[in-house]
Amino acid sequence: MTVTPQTATRLTMATDKAIAEAGAALRAGKLVAFPTETVYGLGANALDDYAVSAIFAAKQRPRFNPLIVHVHNQEEAEEIVRFTPQATKLAEAFWPGGLTLVLPRRQPSPLALLVSAGLDTAAIRAPAHPIARALVEAAGVPIAAPSANLSGHLSPTTAEAVAEELDGRVEMILDGGPSLVGIESTIIGFEGTRAVLLRRGAIAREAIEEVSGPLHLPKWDHIQAPGMMASHYAPRARLRLNANEAQAGEVLLAFGPGAPPALHACNLSPGGDLREAAANLFAMLRRLDKLGPRTIAVMPIPDRGLGEAINDRLARAAAPREAPP
Ligand code: TXA
Ligand code: MG
């Protein structure tokens, strides 16, 4: 599906003036893409259903999936969702930062219904990135923001990558340089007193479990979040996982020292550092994907710490594509 671009997108450095203008644009119901420490977000006023609906149109999301709401701190979050002592403990340990909590909406709640896509819960996080924080303050409202890419594509970790995805579909793109974590937030929900790992991400499971105790895996009847679909984060190229070398015609996504030679290669972390690898993941997949429709051979990534989130994204990028609805 191609849609004619409708807006002259302004890509600008995130100066104080630009942030103030972006805040005003959000209040006026427009879309603003902005940096966070995890990935770039496509933001709208989370209190305005009409503004939030523009996110789905811009991303060409096939259905209304629930979105993450960005706030300054727990106090602001308490205005729209109800915290349990367990959720408070997690927020105290990891906010601001890459942890999203799924909590019951207050009844009534000022939050747009579309943010929750019909659920009685909302996903919420306080980002650490100073520009994201300044934007929440400038907007004066919570900001609903999924990753700033077209539905099913790789998440963007630079302003240029956002522009490639959303030029003509968003009012402003605030450039704050590359996202330092580079992988989306970890999402935790609750079933009674059980903390449930809904999406692996920026904060390693082990770190969260030190605070929450053992995390549970979601039951099957749980909401099918887009980040939980088998094929997601899909580059155009095919991926071959756990490769030890690049075969003829393949490009290589390497990890660690001693990567084998390849015609085209990117190394997620020559030193074998999983945090560096997470930060490079989406940008390097994008770079290799631009070389054309070939196969990206991906070296094995240790399945610990941020490696769990990296392997989750790689498995989805490698999965057979679902037929469009
Ligand atoms: O790091 C991040 O989380 C980035 C930045 C921009 O903050 N945002 C992001 O949003 O990754 P998005 O839309 O790509 O992913 C949001 C995920 C989806 O998988 C969605 O289904 C899940 O959060 N989610 C949102 N609300 C939920 C709810 N009420 N219950 C269960 N899952 C929910
Ligand atoms: Mg996304």
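This is a predicted model: local features need pLDDT of at least 70, side-chain atom pairs count only at pLDDT 80 or more; totals for chains, interfaces and linings use all residues.
Q: Which residue with a positive phi follows α7?
A: Gly168 does, with phi near 85°.

Q: Which residues of helix α6 are called buried?
A: In α6 (residues 130–139), they are Ile131, Ala132, Arg133, Leu135, Val136 and Ala139. The cut-off is under 20% relative accessible area, so these residues fall below it. They pack against α1 (16–27), β2 (32–34), β4 (68–70), α3 (74–78), β7 (143–144) and β8 (172–175). Gly140 follows α6, and its phi is positive, near 75°.

Q: What makes the pair formed by His70 and ligand 1 a polar contact?
A: A polar side-chain atom of His70 lies 2.6 Å from an oxygen atom of ligand 1. The limit for such a pair of N or O atoms is 3.5 Å, so the pair qualifies. Arg199 passes the test too, with a polar side-chain atom 2.9 Å from an oxygen atom of ligand 1. For Arg61 the value is 3.0 Å, again to an oxygen atom of the ligand. Taken alone, ligand 1 exposes 680 Å², and the protein buries 97% of that.

Q: Which residues come nearest to ligand 1?
A: Of the 24 residues around the ligand, Thr38, His70, Thr121, Ser185 and Arg199 come nearest. By class, the shell has 13 nonpolar, seven polar and four charged residues.

Q: Which strands each supply at least two residues of that shell?
A: β4 and β6 (121–125) do. The largest share, three residues, comes from β6.

Q: How do you know that β11 and β14 pair?
A: Pairing needs at least two bridges. Strand β11 (residues 238–240) and strand β14 (residues 295–298) have three, so they count as a pair, in the parallel sense. Leu239 stands opposite Ile296 in β14.

Q: What makes β12 a partner of β14?
A: Strand β12 (residues 251–254) and β14 are joined over three bridges, in the parallel sense. At least two are required, so this pair meets the rule. Here Leu253 stands opposite Val298 in β14.

Key
Residues are numbered from 1 along each chain as its sequence is written. Chains are lettered from A and ligands numbered from 1 in the order in which they are written. Side-chain values use heavy atoms; hydrogens and water are left out. Buried means under 20% relative accessible area, exposed over 50%, partly exposed in between (1.4 Å probe, protein chains only). Helices (H or I, at least four residues) and strands (E, at least two) are DSSP runs, numbered from the N terminus. Contact means heavy atoms within 4.5 Å. A residue is near a molecule or strand if one of its heavy atoms lies within 4 Å of it. A polar contact is a pair of N or O atoms within 3.5 Å; within protein, one must be able to donate a hydrogen and the other to accept it, and residues adjacent in sequence count only if both atoms are side-chain atoms. Accessible areas come from the Shrake-Rupley method with a 1.4 Å probe; for residues, only the protein chains shown count as cover. Ala, Val, Leu, Ile, Met, Phe, Trp, Tyr, Cys and Pro count as nonpolar, Asp, Glu, Lys and Arg as charged, and the others, Gly among them, as polar.
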